[in-house]
Amino acid sequence: MAKFRIKAALLAGALTLALPLIAAPALAQGKVLRWASQGDYLTMDPHSQNEGLTRTGSFQTYEGLVGYSADLKFVPALATSWKAVNDTTWEFKLRQGVKFHDGSDFTADDVVFSVKRAQHPNSDFKTYIASVKDVKKIDAQTVHVETNGANPILPNQIANIFMMSKAWAEKNNVVNPQSYKDKEETFAVRNTNGTGPFVLKTREQDVRTVVAKNPTWWGLKDNPHNIDEIVYTPVTTPATRVAALLSGQLDFVLDVPVQDVERVKRSAGLQVKKTNEIRTIFLGLDVGSPELKYGDVKGKNPFADKRVRQAMYHAIDMNAIAQKVMRGDAVVAGMITSPGVHGYEKALDKRLPYDLNKAKALMKDAGYANGFGIKLDCSNDRYVNDEGICQAVVGMLAQIGIKVDLAAQSKTLHFPKLQKKDTSFYLVGWGVPTFDSHYVFSYMAQTPDGKNGSWNFTNYSNPKLDGMINGMLSELDPAKRDKLIHDAWTILNDEIIYLPLHHQVLNWAMSEKLDMPIIADNVPRFHFAKMK
Amino acid sequence: MLGYIVGRLAQALAVMLAVALVAFMLFNYVGDPINNMVGQDATTTDRAELREQLGLNDPAPLQFARFLGNAAQGNFGLSYRLKRPVSVLIQERVPATLELVFLSALVALVVGMPLGVYTALRRDSWLSRVILTSSLVGVSLPTFVIGIGLIYLFSVQFDWLPSFGRGQVTHLGWWSTGFLTKSGWAAIIMPAITLSLYQLTLVLRLVRTEMMEVLRTDYVKFARARGLSNRIVHFHHALKNTMMPVITIIGLQVGGLIAFSIVTETVFQWPGMGLLFIQAVGFADIPVMAAYLVLVGAMFVVLNLMVDLAYFVIDPRLRMDRGKAAGKAT
């Protein structure tokens, strides 16, 4: 036993002595950018999952025909130009001399293949190109995309479709996007072969994903970034994520918690970049049901009365929420889409003023002087401080007699509940990947018909508005189209089926050694980065 | 004797079935996996189709039978989130957790036992009191706070140790180990200490109590009377007899370590099974959650079974009583 004790003591001693030695940080070769956020990419298959962070992963190794500038303008990428050759055909001229990571040439056949692959039922990207009837190779550098009816926003939509190598996909048996039906892992889930600025080096799901500079990338001369390697690590615990940034183990944190922003700002060697995200947070009201499922008014629906909706709007003091709950990191909203989206107008983005007396008068007019009871469905892990926002709203509506019972729960429970239309009053946030108002209207305001209106849980249906939304998709005259969008927003704002709250604000925390623009769709693009 | 073993096995099996049923039932009502699998743009038809493909529309008993049949073959299906076989995922994560648990248990024993012996022998010294008091403080702080505290101290303030991850790992066949690299050792120190603290206190207190108990027994008194040195009495007579119950408890606690590692792994982003489980919970990734629960359940059941059977082998009284009872019954 004595021997054992001595050995133990020796071991413990050795461990203690070794601490400072083994803690010396390994010296990195070249410029390595280490970053983290809460979760991991769902898959490396570029056509499987349309989710924010997964797209971030894809944007490193893959590219679309149309690309994005740092201020989210659509710019030439794998296509050098595009134009509508007639009402239903878009022509894309391809960039020549582009090579995939495996050294093969990027060709028109790859474009045809990729667009069709993204239309496969397994693909989560098929909605973007739902209007595409056919894709045709005209010659080595020309591709025609034919649509069902005219579609002026096709380039915006097709920007979200990543280009893959046909030969590589055929060789590795991944002609179709990854599927759940076959219950198998495909080659494309863990391997990539794009044309993008970085080449996938190692992929360990949930642990580490490393990409290296693509020295032969066509865009290098316009974007002379100096990043040799990017190491991405998901770090779930917010405190650990911030600690890793503070201790210099990370250069960039995508989702720094709001309460830590000030702390990071004050730390030497770190900076926080801030911008308005293209995402608006708002409340939805069931205006169409004859009786509210989660309300205590029987035989009628108080939300069907516009005066009630208006009263609720007047009763929400959004400035207070922005200051107290969001710590200033919110832009008060009067429409449910944010600056940066085509059709957004400053003049339309005006809230009804906070006015309790007017709200009370409206409630009295509508016959609800004593108010009523209602349940509010809210997520608590999806948007910045979502539960806090809902709590504030509960208190504010109480002042006009509306007793709100708050049901705040995880997004894994919240969104299914909404999708079953099992709600009367709910919180939701909406981003716009195409940067066009049509995306908002077709999901949020169009009458649900199995394809459109799939996020319209308000039971609101307005044939006139539906006609205008379809018009937005096919109107080719920009002036007429803009008028249509403007009129549609005016109707939606006037109807108050949604109570706008705020446009979300992004905070990216990074080392001062890193010079990288913050991008409003919350998708970092590292080829714009420079490291000291 | 055979009857006793068969009885024990049957009990173990019943427990496992119950665990499997709970796993299956609970997780069928946690969130909606479909919603997590598809993007916000999926249509209602897509959702319904996927639901059908995954068999989520079948009657519950059928789903449970299918679940059991597959589980028996080690097949827990495809993770909803990672789209990869759960068995492969777990196999990838097992080394990280086991290395962490192994080192934690080692720390708990190597530090806990000498401290326990010391505090038993020098009951009234000021050092003993300091050790006992600080062990109480250590054990009453939540793991989360200890972990974050260590990170704050050793990563943010001193910049000695990495705050997350497993460092560089070496692959030996399917086993990945962090024990062969500097960064691997640096990365495991803080999680191992965090995880071991509770067990360390347990070992310390157990050894101390047992030791004090043994020191009061007659054979120790006789040993002293025979004029044996303190060292021989303490370490040969007393400590040896202290070890039996301590080792039993430690054996059972290994299961606890694996279960407790969830919090530690989350704080340190340690890529083990616990982290896999937590990530699965956030996503309602039913196959992974079910597999983890069944696995941990199996681990506890096996450990208990082994302890039971070991008692049966070691303790002749147990065999006697059983024999007599059986005799009376017939």
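**Reading the features one by one**

Mentor: Start with one residue and its surroundings. Leaving aside neighbours within four places in sequence, R279(A) is in contact with S338(A), R382(A), Y383(A), G429(A), W430(A), G431(A), H502(A), H503(A) and Q504(A). Keep in mind throughout that this is a predicted model.

Trainee: Where does R279(A) sit, and is R279(A) buried or exposed?

Mentor: R279(A) belongs to strand β12 of chain A, which covers residues 270-285. Its relative accessibility is 13%, and the cut-off for buried is under 20%, so R279(A) counts as buried.

Trainee: Which residues does L200(A) touch, if neighbours within four places in sequence are left aside?

Mentor: L200(A) is in contact with M44(A), T61(A), R190(A), N191(A), T192(A), T209(A), V210(A) and V211(A). L200(A) is placed in strand β8 (residues 198-204) of chain A. At 16% relative accessibility, L200(A) is buried. For a sense of distance, take A304(A): L200(A) and A304(A) are 104 residues apart in sequence, and their C-alpha atoms are 53 Å apart in space.

Trainee: What is the relative accessible area of N456(A), and where is N456(A) found?

Mentor: N456(A) is found in a loop of chain A, between α14 (437-444) and α15. Its relative accessible area is 0%, so N456(A) is buried. Not counting residues up to four places away in sequence, N456(A) touches K421(A), Y443(A), M444(A), A445(A), Q446(A), P448(A) and Y498(A).

Trainee: Next, bonds between cysteines. How many disulfides are there over all chains?

Mentor: A disulfide is a covalent bond between the sulfur atoms of two cysteines. Here the count over all chains is one. The bond joins C378(A) to C390(A), with 2.2 Å from S to S. C378(A) lies in strand β14 (residues 373-379) and C390(A) in helix α12 (residues 386-398), both of chain A, so the pair ties together parts that are 12 residues apart in sequence.

Trainee: What is the handedness of the link between C378(A) and C390(A), and are the two cysteines buried or exposed?

Mentor: The link is right-handed, with 90° about the S-S bond. Both C378(A) and C390(A) are buried.

Trainee: How should I describe two helices that pack together?

Mentor: Two packed helices are described by the angle between their axes and the distance between the axes. Take helix α9 (residues 306-315) and helix α11 (residues 356-365) of chain A: their axes come within 8 Å and cross at roughly 160°. That angle makes α9(A) roughly antiparallel to α11(A). The crossing of α9(A) past α11(A) is left-handed. On the α9(A) side, the contact is made by R307(A), V308(A), Q310(A), A311(A), H314(A) and A315(A). On the α11(A) side, the residues are L356(A), K358(A), A359(A), L362(A), M363(A) and D365(A).

Trainee: How many residues of α9(A) are buried, and what covers them?

Mentor: Seven of the 10 residues of α9(A) are buried, and the helix is mostly covered. The buried ones are V308(A), R309(A), A311(A), M312(A), Y313(A), H314(A) and A315(A). The cover includes β12, α11, α12, β16 (425-431), α16 and β17 (498-511) of chain A.

Trainee: At what angle do α15(A) and α16(A) pack?

Mentor: Helix α15 (residues 463-474) and helix α16 (residues 478-495) of chain A pack at about 145°, with their axes 9 Å apart. The crossing of α15(A) past α16(A) is left-handed. Among the residues that meet are L465(A) and M468(A) in α15(A), and L484(A) and I491(A) in α16(A).

Trainee: Backbone angles next. Where do R327(A) and D159(B) lie, and what are their phi values?

Mentor: R327(A) is not a glycine, yet has a positive phi of about 50°. R327(A) lies in the loop between α10 (318-325) and β13 (330-332) of chain A and is exposed, at 55% relative accessibility. D159(B), also a residue other than glycine, has a positive phi near 60°. D159(B) is in the loop between α7 (143-157) and β1 (170-172) of chain B. At 46% relative accessibility, D159(B) counts as partly exposed.

Trainee: Where does UniProt place the feature "transmembrane region" in chain B?

Mentor: The unreviewed UniProt entry places it at residues 12-30, 100-118, 130-154, 184-207, 246-270 and 290-314 of chain B. In the model, residues 130-154 of chain B are 92% helix and 0% strand, with the end C-alpha atoms 23 Å apart. Residues 246-270 of chain B are 88% helix and 0% strand, and their end C-alpha atoms lie 29 Å apart.

Note on methods:
Residues numbered from 1 in each chain as written. Chains lettered and ligands numbered in written order. Predicted model: local features only at pLDDT ≥ 70, side-chain atom pairs only at ≥ 80, totals over all residues. Heavy atoms only, no water. UniProt positions renumbered as here; feature names shortened; annotations may be inferred. Helix = DSSP H or I, 4+ residues; strand = E, 2+ residues; numbered from the N terminus. Disulfide = S-S within 2.5 Å. Buried < 20%, exposed > 50% of the residue type's maximum accessible area, 1.4 Å probe, protein only. Axes fitted to C-alpha atoms, helices over the stretch in contact; angles between N-to-C directions. Parallel < 35°, antiparallel > 145°, perpendicular 65-115°, else oblique. Left-handed = near helix turned anticlockwise from the far one by under 90°. Contact = heavy atoms within 4.5 Å.
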